[in-house]
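The sequence and structure come first.

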Amino acid sequence: MSIADNLLKYKSELDQAGVQLIAVSKYQEADAILEAYNAGQSVFGENIVQEMVEKQAQLPADIAWHLIGHLQTNKVKYIAPFVKLIQSVDSLKLLIEINKQAAKNNRVIDCLLQIYIADEDTKFGLGFDEAIELLRSEEFAALKNIRITGIMGIASNNALEKQTRDEFTELKVLFDGIKASFFRKEDSFREVSMGMSGDYKLAIEAGSTMVRIGSNIFGKRKIKHYKADEN
Ligand SMILES: *Cc1c(COP(=O)(O)O)cnc(C)c1O
C-alpha cells in the first residue's frame, strides 16, 4: 500500500477512536512527508533536531512539528521558533531552557513530560517521583513561556502483551493523578501520548489520546544522515 493509503487507513481508525495521529517521519525523505501531507496529515513527529529543522524549512509552513526524541539543551534554540509540541521533556533543566528560548521568540511552547515506563535502561524519561518533584518545584512555577499539556511514554520493546498493557496503564494512572493534583482546572492538560506501530491498539485501550506511528505508515526508515542525540 502507498503512504497515502496507509495514512488514510490509520486516520479513519484513529478518528473513530478519538485519538490523534502523529505521523513519525524520522529518517524519511521530504517527498514521503509531502505524500502524507497531501493525503491530509499535518502533524509529524521527528526525533533529531537537525533533521526537523531542515525538513521544516523545505515543507509546507502549516505542518505541526512534534519533537519526540531526546533534546539537548544547547539545541532548543533551533526549534523554538516553530516547534508545536515537545513531547520529550525529561528534566527541569531542559524545561528551563525551553522556557528561555520560548520567551526570546515571544511565544509559549507546549510540552509533554516524558515518563519512563519501560523495563529497560536505554530510554530517556522522568521517573514518577521525579515528575511529581518537578511539578512541585518553585522553579517550575516560575516558568511562564512553557505549558505542560500532558505526558508521554514509550513501552518496553518486544515485551509480552501483558507487560505492555501494564506499562500503558501505569502511565494513564500517573496522568490521572497529575491531572487531579496539579492541573484540575486546566483543560489544556489532556494528552497521554502513548502507542507506536507495534502497540498502538493496546495504548488506545489503556487511554491514549495521541499515538505516534512511523513504520506502519512510511515503511522502513531511509535516510540516516544524522546521529541521534545521546547527550
Ligand atoms: C520512532 C518512534 C516512534 C515510531 O515508531 P514506529 O515503530 O516506527 O511506529 C514513536 N515514538 C518515538 C518516541 C519514536 O522514537
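## Ligand surroundings

Val24, Lys26, Ile68, Ile154, Met196, Ser197, Arg212, Ile213, Gly214, Ser215 and Arg221 surround the ligand (a residue counts as near if one of its heavy atoms lies within 4 Å). This is a predicted model, in which local features need pLDDT of at least 70 and side-chain atom pairs count only at pLDDT 80 or more, while totals for chains, interfaces and linings use all residues. Residues are numbered from 1 along each chain as its sequence is written, and side-chain values use heavy atoms, with hydrogens and water left out.

Polar contacts are pairs of N or O atoms within 3.5 Å. One oxygen atom of the ligand has a polar side-chain atom of Ser197 at 2.5 Å. A backbone N or O atom of Gly214 is 2.8 Å from an oxygen atom of the ligand. The side chain of Arg212 places an N or O atom 2.8 Å from a nitrogen atom of the ligand.

## Helices H1 and H2

Helices here are DSSP runs (H or I, at least four residues), numbered from the N terminus. H1 (residues 3-17) and H2 (residues 30-38) have axes that come within 9 Å and cross at roughly 45 degrees; axes are lines fitted to C-alpha atoms over the stretch in contact, and angles run from 0 to 180 degrees between N-to-C directions. H1 and H2 are therefore oblique to each other (angles under 35 degrees count as roughly parallel, over 145 as roughly antiparallel, 65 to 115 as roughly perpendicular and the rest as oblique).

On the H1 side, Ile3, Ala4 and Leu7 meet Ala32, Glu35 and Ala36 of H2, contact meaning heavy atoms within 4.5 Å. This contact has 5 nonpolar, no polar and 1 charged residues (Ala, Val, Leu, Ile, Met, Phe, Trp, Tyr, Cys and Pro are nonpolar, Asp, Glu, Lys and Arg charged, the others polar, Gly among them).

## Helices H6 and H8

The axes of H6 (residues 128-136) and H8 (residues 161-182) come within 12 Å, crossing at roughly 20 degrees. H6 and H8 are therefore roughly parallel to each other.

Phe128, Ile132, Leu135 and Arg136 of H6 meet Glu170, Leu174, Ile178 and Phe182 of H8. By class, the residues of this contact are 6 nonpolar, no polar and 2 charged.

Terms used:
Helices (H or I, at least four residues) and strands (E, at least two) are DSSP runs, numbered from the N terminus. A polar contact is a pair of N or O atoms within 3.5 Å; within protein, one must be able to donate a hydrogen and the other to accept it, and residues adjacent in sequence count only if both atoms are side-chain atoms.
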